[in-house]
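Please examine the sequence and the structure shown below.

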Amino acid sequence: MTAHTRPETLIRISEIFGPTIQGEGALIGKPTVFVRTGGCDYRCAWCDTLHAVDSSHRDEWEPMSAEAILARVRQLSDGIPLTVSLSGGNPAIQPLDTLIELGNRAGYEFCLETQGSIARDWFARLNVLTLSPKPPSSGMETDWSELRHCITAARSGDTRSRGPLIVLKMVVFDEQDYLFARKVATLYPDLPVYLQPGNHTPPPLSKDVPDADAQPLDMAGILDRMRWLVERTLRDGWHGATVLPQLHTLLWGNLRGI
Ligand SMILES: C[S@@+](CC[C@H](N)C(=O)[O-])C[C@H]1O[C@@H](n2cnc3c(N)ncnc32)[C@H](O)[C@@H]1O
Ligand SMILES: Nc1nc2[nH]cc(C(=O)O)c2c(=O)[nH]1
Ligand code: SF4
Ligand SMILES: [Mg+2]
């Protein structure tokens, strides 16, 4: 047993897929391999990734070493370095520092998506940290102090590195969510803000139904919400916000692993 294969350093993996394009936020359109960890401390009412959240899928989550994950990423990307997106579930639950270190040595860059409920000192070694605090429609409560810790942790790396680009990416379903997003942006005026219309037709939790057909995706409804969100933001003169759809959902619907 090497240091990286001890149980406490194994990373619980739901799926590794790509390269595809990043469908959301600051790196939209960029070639990306996704490393999705299993397990989440939240359960959002509209989560589109319940197969990495709900414990009924736990037996599909494989404990893997950082070396084994990197080997899979290298295989998928034909050894050509690209951006790796660490998502989940909440990837902040997992010990990802060694993976980032080994990957960086091999030329890979790492971004991470989290709701900002668990801060880690290794956030400082990321290239991009996307914080996605959850609005009222999710049914979740934001721990404001821990969200702040996420930002300070990311900024407190060694002084030779500037630390990651930190961005806010917030899902908006309705006016209450919009006001929440405005509040978060006001708290952190230095952080770029991305707004994303919510998908009210995410894949339901079922192991039996093929994902693509699990629930008809109401793309027309999502685009209606996107138009409302664009108009709402412009009407407010909130010109610092970037409004983007989930591009992968637009292209491929609720399909998993893309
Ligand atoms: C599945 S989450 C995983 C990472 C982390 N747990 C988080 O929520 O940031 C990745 C992104 O998908 C967004 N998301 C989840 N369900 C969604 C939905 N139904 N519509 C739009 N975005 C959604 C989340 O808000 C988050 O920004
Ligand atoms: N293409 C693509 N882009 C994404 N951006 C964020 C994703 C996620 O589930 O974290 C995601 C995903 O699952 N696929
Ligand atoms: S925090 Fe992210 S992964 Fe967890 S339930 Fe919410 S959207 Fe899903
Ligand atoms: Mg997703």
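Which residue in β5 is the bridge partner of L86? The partner is L112. The model that shows this pairing is predicted. Strands in a sheet are joined by hydrogen bonds between their backbones, and the pairing may be parallel or antiparallel. Strand β4, residues 83-87, and strand β5, residues 109-114, pair in the parallel sense, and four bridges link them.

Nine strands make up an open sheet with mixed pairing, and their order is β3-β1-β2-β4-β5-β6-β7-β8-β9. From one strand to the next, the twist averages 30°.

Helices pack on this sheet as well. Helix α4, residues 175-187, touches β7 (165-172) and β8 (193-197), and its direction makes about 165° with that of β7. Helix α5, residues 219-235, packs on the sheet too, touching β7, β8 and β9. The direction of α5 makes about 145° with that of β8.

The reader may now turn to the loops. An unreviewed UniProt entry lists T49 under "binding site". T49 lies in the loop that runs between β2 (31-37) and β3 (62-64). Is T49 buried, partly exposed or exposed? A residue counts as buried if 20 or more other C-beta atoms lie within 10 Å of its own, and as exposed if there are 12 or fewer. T49 has 18 C-beta neighbours inside 10 Å and therefore counts as partly exposed.

The unreviewed UniProt entry also places the feature "binding site" at W46, C47, D48, G89, S132, P133 and K134. Two of these residues can be examined together. S132 lies in the loop between β6 (128-131) and α3 (144-155), and K134 lies in the loop between β6 and α3. S132 counts as buried because it has 21 C-beta neighbours inside 10 Å. K134 is buried, with 22 other C-beta atoms within 10 Å. Leaving aside residues up to four places away in sequence, S132 touches E113, T114, Q115, K169 and M170. With that exclusion again applied, K134 touches Y42, C44, Q115, M140 and T142.

The surroundings of the ligands come next. How many residues surround ligand 1? There are 19, and the closest are W46, D48, T49, S132 and N199. The elements that give two or more residues to this shell are β5 and β7. By class, the shell around ligand 1 consists of five nonpolar, eleven polar and three charged residues.

Around ligand 2 stand T20, I21, Q22, G23, E24, F34, T49, S87, E113, H248 and I258. Three residues of this shell are nonpolar, six are polar and two are charged. The residues around ligand 3 are C40, Y42, R43, C44, C47, T49, V53, G88, G89, N90 and Q115. The shell around ligand 3 divides into five nonpolar residues, five polar residues and one charged residue.

One residue links these descriptions.

Terms used. Residues are numbered from 1 along each chain as its sequence is written. Chains are lettered from A and ligands numbered from 1 in the order in which they are written. This is a predicted model: local features need pLDDT of at least 70, side-chain atom pairs count only at pLDDT 80 or more; totals for chains, interfaces and linings use all residues. UniProt positions are given in the numbering used here, feature names are shortened, and annotations may be inferred rather than shown by experiment. Two strands pair if DSSP finds at least two bridges between them. Axes are lines fitted to C-alpha atoms, for helices over the stretch in contact, and angles run from 0 to 180 degrees between N-to-C directions. Two residues are in contact if their C-beta atoms, placed from the backbone, lie within 7 Å. A residue is near a molecule or strand if its C-beta atom, placed from the backbone, lies within 6 Å of it. Ala, Val, Leu, Ile, Met, Phe, Trp, Tyr, Cys and Pro count as nonpolar, Asp, Glu, Lys and Arg as charged, and the others, Gly among them, as polar.
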